[in-house]
Each structure stands twice: as structure tokens, then as C-alpha cells.
Amino acid sequence: MKKSLVLAMAMALGVAGSAFAAEINDKLEINGEVRANYMTEKVKVNDQSYESALRTRLEFVYKPVEDWKIVAMAENEHDIRAKRGSRHHDVVLKQAYVEGKYDQVDITIGRVGIGIADGNVLDDDLERMDSVQIGHDISDKVRIEAFMAQNLDGHEMQFEQERSKMTGARLIYAPAENTEIKAEYARFRNLCYVDSTDTELNAGVKIFALSASHEIAKDLTANAVYIRGNGSGSDELKATSKNGYVLGLSYRGAEAEEKGSWGLNAHYYNQGEQTYVAHAIDGNTELDGGFKGWSVGADYAIAKNLVAEVTYYDTKAKEGSDRDKRLWSALTWTF
């Protein structure tokens with residue numbers, strides 16, 4: 001009798017466990033990415049260097065209920081060029097956040113990046129950013145968002161033991177299909193600013209950005225960004241240009257799931273040092289007084305889920321004669 005009871009309980013637990021596992025598998029999505037990138041650099045004095053790295057990412061997306069999801073993403077970046085023993089092998093929790101809708105309000109909270117001005121002010125792919133963002137669609141054409149974040153240390157922006165912080169808001173207007181206008185404001189505090197004497201100062205900056213994009217012809221999109229900054233905490237920072245703008249054109253674009261798809265893009269940058277915090281481009285933006293220059297790039301889907309891309313950057317300092325030329329390339333496999 002006891003053996004029969006134990007067997008029955010084991011079978012019941014097994015069935016329940018299988019059902020639970022099936023439910024978990026039905027709601028769990030696992031995505032991965034492997035990227036190999038290579039960058040060669042040539043500065044004005046004709047010194048030439050290069051960087052190469054292998055980056056792997058594994059993302060878990062769990063959807064417990066409708067309109068809500070939990071996301072966790074681990075990342076490892078391996079410096080191929082570094083000598084043995086000094087390579088970066090650590091696996092870090094790049095993202096861990098909850099996203100969903102409460103009534104008519106979209107909510108995102110946790111470790112996840114927030115980009116400003118399409119990355120021309122702040123990169124949304126920093127090392128670590130803890131943030132909260134809420135959004136609401138006022139109509140089918142107008143949306144408002146508010147956000148705050150801390151620990152913006154992806155580009156060594158933390159000042160000593162003070163946590164860097166950001167607060168801001170965004171207004172998005174889409175009057176027609178393939179047309180969008182954005183107005184964004186962000187205030188940054190406790191940023192690490194290194195002046196010309198290599199002194200680290202606790203700086204801050206308030207930035208307003210106005211962006212517009214429009215499809216001017218089939219598959220051809222033009223975009224423009226105007227940025228106005230107001231720095232504090234350093235007289236040297238405040239003496240740099242407060243204005244900046246970016247102009248761009250993009251044609252099509254490679255789709256990872258569509259073999260043979262491709263795209264081209266070109267941009268011109270002219271940004272004073274008070275108009276960006278951590279730029280998203282792979283060109284050199286850490287130049288005296290800010291930077292100006294241009295880039296051209298292309299991407300191509302060699303096979304399904306395998307995309308190659310290459311971009312050439314030519315940037316120079318707003319103050320002085322420093323100049324930097326870079327050729328950045330990557331091969332990305334997603335699964």
C-alpha cells in the first residue's frame with residue numbers, strides 16, 4: 001500500500017513538474033549574440049593602433065503575464081589583443097529589468113540603458129545604468145516620457161564615490177508615417193570631468209536636444225539633431241561650445257533574418273563638449289573642446305542571422321589640431 005502511495009505521489013509530482021516546465025518554456029525566450037569587432041586608428045602624428053574584441057551576450061526574456069516581461073542579459077567581452085593574464089573574462093549582468101503596462105502607463109525599471117538624442121548625447125549601452133522610465137501615449141501621434149537613472153559609469157563618468165545621476169523628460173510627435181520629431185531634456189550630476197591639468201572635477205550639465213527624422217524617398221531617411229548644453233562645476237568646461245548638431249542620411253539597412261539585405265549611412269557631427277556625455281559612435285569623441293567630423297558606413301547580411309558592418313570615422317578637436325581617423329568593423333551572429 002505504501003509503495004503504491006509513493007508511486008502515485010511520484011507520478012503526480014512528475015506530471016505537475018512537466019506541466020510547470022512546459023509553462024515556463026512557453027513563456028521563456030532565450031536570445032544570444034556573438035560579435036567580433038576590429039578597429040584600426042590613425043591619429044594626426046601618424047601613430048597607428050588597433051583594438052579587437054570578442055563579445056558574447058545571452059538574454060533571457062520571461063513573460064509571466066500579458067503586457068509584462070522580465071529581462072536579464074549577461075555579457076562577456078574578451079580583449080583579443082591584450083596579453084595573456086590581462087584579458088577581460090568577467091561575465092557581468094548587463095541588464096536586469098521589468099517592463100510592462102499599468103493602466104495606460106508604460107513602465108520600465110531596473111538595470112537598463114536610456115539613450116538621449118539617438119545616442120548623440122548619451123549611449124544606451126553603458127556598462128551599468130540603473131533606471132526608471134515611464135511613458136504615456138496622449139494620442140496616436142503624441143507620446144510623453146519621463147526618466148531617471150544613476151551609476152552612469154560606462155565611460156568612467158563616476159566622480160569618486162558620488163553616484164552620477166540623470167533626470168529628464170521626452171516629448172515625441174509623429175505627424176505621419178516615417179516621420180518623427182523629439183524634444184528631450186536631461187540633467188546630469190556628479191560627472192567626472194578631467195581638465196587640461198589632469199585634475200578630476202565633479203561636474204554637471206543640462207542638455208536640451210531637438211531631433212527630427214523623415215523618409216525623404218523610398219528607403220532613404222534623413223535625420224537632424226540640434227543640441228544645447230549648459231555645463232557646471234568647471235570653468236574650463238563652461239568655456240567650451242554649448243551648441244552642437246548632427247546631420248545624417250541612411251539608406252535601407254541590413255536585417256539579420258533576411259539574407260542579402262544591406263544598408264548605407266553617412267553622418268556629419270559638430271558638437272561642443274557641453275553637448276554630450278557618452279557618445280554612442282565608435283569614432284573618437286574625447287577631444288579638446290568637443291569634436292567635429294564625419295562618418296560613412298555600410299552593413300550586409302551575409303547569411304541569416306549573420307551581419308557584417310564597417311564604418312569609417314574622421315573626427316577632429318573643436319579646439320586645437322588633434323585629429324583621429326578610425327576604421328571600425330564587426331561581424332555579429334545572433335541566435
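How many salt bridges does the count come to? There are 20 salt bridges in this model, which is a predicted one. Side chains of opposite charge can pair when their charged atoms come close.

Start by selecting Glu41 and Arg326. Their side chains meet in a salt bridge, 3.3 Å from N to O. Glu41 sits in strand β1 and Arg326 in strand β16, 285 residues apart, and the pair links these distant parts of the chain. Buried or exposed? Both Glu41 and Arg326 are buried.

Next, pick Asp118 and Lys182, which form a salt bridge at 2.7 Å, N to O. Asp118 is in the loop between β5 and β6 while Lys182 is in strand β9, so this pair ties together parts 64 residues apart in sequence. Asp118 is exposed, at 54% relative accessible area, but Lys182 counts as buried at 10%.

Now go to Asp137 and Arg143, another salt bridge, at 3.0 Å from N to O.

Time for the surface. Select the nonpolar patch, which includes Tyr173, Phe208, Tyr226 and Trp294 and has about 960 Å² of accessible area together. β9, β10, β12 and β14 each give two or more residues to the patch. Tyr226 lies in strand β11 and is partly exposed at 38% relative accessibility.

Last stop: the largest cavity, holding about 60 Å³ of space. Residues lining this cavity include Lys94, Arg111, Asp124 and Met129. By class, the lining has three nonpolar, two polar and five charged residues.

Definitions and conventions
Residues are numbered from 1 along each chain as its sequence is written. This is a predicted model: local features need pLDDT of at least 70, side-chain atom pairs count only at pLDDT 80 or more; totals for chains, interfaces and linings use all residues. Side-chain values use heavy atoms; hydrogens and water are left out. Patches are made of residues with over 30% relative accessible area and no salt bridge: like charges are joined within 9 Å, nonpolar side chains (Val, Leu, Ile, Met, Phe, Trp, Tyr) within 5 Å. Accessible areas come from the Shrake-Rupley method with a 1.4 Å probe; for residues, only the protein chains shown count as cover. A salt bridge is a side-chain nitrogen of Lys or Arg within 4 Å of a carboxyl oxygen of Asp or Glu. Helices (H or I, at least four residues) and strands (E, at least two) are DSSP runs, numbered from the N terminus. Buried means under 20% relative accessible area, exposed over 50%, partly exposed in between (1.4 Å probe, protein chains only). On a 1 Å grid over the protein atoms alone, a cavity is a set of points where a 1.4 Å probe fits but cannot get out, and a pocket is an open set with protein on both sides within 12 Å along at least five of seven lines; lining residues have an atom within 4 Å of a point. Grid points are joined across faces, edges and corners, and a volume is the space filled by probe spheres set on the points. Ala, Val, Leu, Ile, Met, Phe, Trp, Tyr, Cys and Pro count as nonpolar, Asp, Glu, Lys and Arg as charged, and the others, Gly among them, as polar.
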